[in-house]
Amino acid sequence: MSIAELEKPSVEQARATSFYEASARARVRLLLDPGSFVEFIGPEKREVSPHLKLFDLPEQFDDGIIVGHGRLAGSPVFIAAQEGRFMGGAFGEVHGAKLVGLLRAAKELKSIPVLILFDTGGVRLQEANAGELAIAEIMRAVIEARTAGVKVIGLIGGRSGCYGGGGLIAGCCSALAVSEQGRIAVSGPEVIETNRGVEEFDSRDRALVWRTMGGKHRRLIGGADLFADDTVQAFREAALELLETTAGFGIDTLNAEQSRLEDRLQRFGACRDAVDIWVAEGVPDAGSVPALPADQFIELADKVRRIARDAR
Amino acid sequence: MLTSRNAEAAGRMATTWQHQREARDARLEAGTRLARGKIVEARDATRLMEAVIRPGDRVCLEGDNQKQADLLSRALLAVDLAKVKDLHMVQSGVVLPEHLDLFDRGVAKKLDYAYSGPQSSRIAQMLFGGKIELGAIHTYLELFARYFIDLTPQVALIAAVSADREGNLYTGPNTEDTPTVVEATAFKDGIVIAQVNEVVDKVPRVDIPADRVHFIVEADKPFFVEPLFTRDPAAITEGQILTAMLAIKGIYAPYSVRRLNHGIGFSTAAIELLLPTYAEKLGLKGKIASHFALNPHPALIPAIESGWVQQIHSFGSEVGMDDYIRARSDIYFTGPDGSLRSNRAFCQTAGLYACDMFIGSTLQIDLQGNSSTVTASRIAGFGGAPNMGADARGRRHPSEPWLQAGREADPDGSALLRRGRKLVVQIGETFGEKNVPLFVEKLDALALAEKLKLELAPVMIYGDDVTHIVTEEGVANLLMCRDANEREQAIRGVAGYTDVGRNRDRKMVQQLRERGVIRRPEDLGIDPLDADRSMLAARSIKDLVRWSGGLYAPPSQFRNW
């Protein structure tokens, strides 16, 4: 592959590339307009974690997150992408600070939206306090940016899903798009099993994990606004759609979100399994949902659940 | 006087020659009191054990590497120690916790076995603690052979899918060890007790004829089967893909290996998934990998669907593959009912005598090429790899790969008298899981043997059987090494940045490379940067389901949808 090809990826390439399989850098390169990405604090700056070497653990020059700006269908965007293959995409001090900085810049400029490509298991245990602080700072920065009029869109479809503090941050975003492979939750399957027992949640039962935390279920209960097929191009199109359709942010949005969540709890609080929720939602042949191909699922989801544009 | 004394002796002999049969009849009679016909209620299973098993008996509790007579193992564990104790367990798989609980409780005392995968850590502790008197750790064929010579069970506790009222058994696709165990027990006056998932009017096919089965216990739930041979393509790394490419281009192609066995592991799964893509591009279709002794690996589905594979005989089955196998009877061995018929003893024999190559992974390789999966705290046993990964000295039929390997090992010998060699390939990354080095100066198995005072260290594959080692650094051809020093340097030469690799004699490794004993990726025309997951024919379990046309039904723990 020549340098020119590397710099000018085609739509075909984005269509052929699995978002799940791609590295964070490949996702960013193929998601944005060709050649438009400019990185802040790139790996050449070697802003590595100050903590990992204390544990004799390998560092990564970008600390597992890429931040920068570029263009999406000609319009400027800020973008952050976590690398799920480095320490499970976990938030550490530097990793978190890069995202906070990006969100604060967006707040200052007011008009440029932010895309966050989550791929994270949560806080990096080796820098727990710094990581937890980073989560809190990011959540605040997301809300402040949104208050200033910035749309913050989360895209979730990586290997590590979006867990722990990542799940909390995702909950603060203006809108989310998720693929089947993407999982969104706070406590991970193993954590639940450890604390509540295998009868409560069998973390080895992957079908259970996916129908509880996976993309299809999140879309069907309104936890995510759009469902994307597992290609970078599908996520690009989802981001464009969400940027266009997502409404502003204010106290009315929060009130609407609060009542949406209360309503959800009331309707489904007694359900034992995701399939019970789908049945209650009127999904025909609910048991077949996990096996549905993406296009058929999107059709079904659009029928079953209109996106609540006023909430979030 | 003389005549009457002779008659007396003859009479005495007539009774003593049938001692075992009389003992069996006595056991049968005691057991029959608990049965209606041959059928015993599950709640009476422990009483049945107490009726038919005597202290010190040799008992085969069917624990294979996949299916488990789990109800019978719980029943045996609950026996009254006044009636049953100090048993000598002779079983291929020590897999369930109950298998070891028997020794903790004193129900059993002595153990001869082959494989202990999931219990590898606890069995090590119990051996160290003296809780188990160890006979030996066997390969499958070895243990099966001893069932017929000096380890014949007095009682066999086996598992089947269904039985009719006569006692004919249908084992389902996981026949595994059952015919062998029953053969040895039933024809030497032993008692066979089968747990079945259901009693039916007519079994789908007869895997075990009724006259070899004495008691049937209907279980409340199906016997446990472990999906041991499913590897999720999503977990295959680029390093494993590179080693797979090296194996295909560096070994499969030059030797034209058509008849083979694959070990379990992600590197061999990667090979299976590269056949319809990478190997197809190399023009190898029809020339390699067409006949297998292999469990029904889901990872092989894309190669089968692409027309690569002609025939597979299996040791056991694999959870979720039943419908696929039924629909592909051209490939698999199936019964009149349509489902797979597996047989571990026959498939092991097939792998030993009729395959030209074994390729598999291991945990440790030493400087002589000996390998072992034993570590300081784990004794996983052997299972099938040593028979698959051994040169069969009794082999007499020629084949091109076998002859070619023989030529490389002994280029100056007489062609008509020269033995061929089976290709025995060890494949792995120089640093395995958790960055543990694959190459070591001394196997942990040796330290373990010293600690347990064993007469033999548990070596999985002996160095003199290994012909090739493949790592991401290249392929080492040990057939072409002429002495122990060359062998050691060839191994060091592909050991990467492990201590073993760093202590190589650079000059000698360079010479070995010039002779083609070591071949680097670039020597084979492989660019390591081409090792990309996009080359895999399937990158997820769901892709495998799609390839199978929806016939493969993966168990829940392998689904991410």
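**Figure 1. The open sheet of chain A.** Seven strands of chain A form an open sheet in the order β1-β2-β3-β4-β5-β6-β7, with mixed pairing. The edge positions are taken by β1 (38-40) and β7 (226-227) of chain A, each with a single partner strand, so one side of each has no neighbour in the sheet. Strands are DSSP runs of E of at least two residues and helices are DSSP runs of H or I of at least four residues, numbered from the N terminus. Two strands pair if DSSP finds at least two bridges between them. The model is predicted: local features need pLDDT of at least 70, side-chain atom pairs count only at pLDDT 80 or more, and totals for chains, interfaces and linings use all residues. Residues are numbered from 1 along each chain as its sequence is written, while chains are lettered from A and ligands numbered from 1 in the order in which they are written.

**Figure 2. Strands β4 and β5 of chain A, with helix α3 of chain A.** Five bridges pair β4 (residues 114-118) with β5 (residues 152-156) of chain A in the parallel sense. A:Phe118 stands opposite A:Ile156 in β5(A). Helix α3 (residues 24-31) of chain A lies across β2 (65-72), β3 (75-82) and β4 of chain A, and runs at about 165° to β3(A). The angle is taken between N-to-C directions on a scale from 0 to 180 degrees, with axes fitted as lines to C-alpha atoms, for helices over the stretch in contact.

**Figure 3. The largest nonpolar core.** This core has 172 residues, of which B:Leu157, B:Ala194, B:Ala247 and B:Leu274 touch the most other members. Helix α9 (residues 238-255) of chain B gives the largest share, ten residues. Domain 1 (25-225) and domain 2 (233-546) of chain B both contribute residues, so the core lies between them. Leaving aside neighbours within four places in sequence, B:Ala247 is in contact with B:Tyr252, B:Ile271, B:Ile359, B:Val425, B:Ile427 and B:Val470. A second, separate core of 80 residues includes A:Phe91, A:Val150, A:Leu242 and A:Trp278. A nonpolar core is a set of buried Ala, Val, Leu, Ile, Met, Phe, Trp, Tyr and Cys residues joined through C-beta atoms within 7 Å. A residue is buried if 20 or more other C-beta atoms lie within 10 Å of its own, exposed if 12 or fewer, and partly exposed in between, with C-beta atoms placed from the backbone. Contact requires the C-beta atoms of two residues, placed from the backbone, to lie within 7 Å.

**Figure 4. Strand β4 of chain B and its partners.** Six of the seven residues of β4 (residues 87-93) of chain B are buried, so this strand is largely enclosed by the rest of the structure. Strand β2 (residues 58-61) of chain B pairs with β4(B) in the parallel sense over two bridges, and B:Val59 has B:Met89 as its bridge partner in β4(B). Strand β5 (residues 108-115) of chain B runs parallel to β4(B) and is joined to it by six bridges. B:Tyr113 in β5(B) is the bridge partner of B:Gln91.

Figure 5. Among the buried residues of α3(B) are B:Arg47 and B:Glu50. They pack against α2 (19-32), β1 (39-40), α4 (70-77), β7 (155-163), β9 (191-199) and β10 (215-218) of chain B. In α8 (residues 178-186) of chain B, eight of nine residues are buried. The cover over the buried residues of α8(B) includes β2, α7 (140-147), β7, β9 and α13 (344-353) of chain B.

Figure 6. Chain B is assigned domain 1 (25-225) and domain 2 (233-546), with bounds that come from an automatic or database domain assignment. Their centres, taken over C-alpha atoms, are separated by 33 Å. In this contact, 30 residues of domain 1 of chain B meet 31 residues of domain 2 of chain B. On the domain 1 side, β5, α6 (120-128), α7 and α8 of chain B each supply at least two residues, and α6(B) gives the largest share, five residues.
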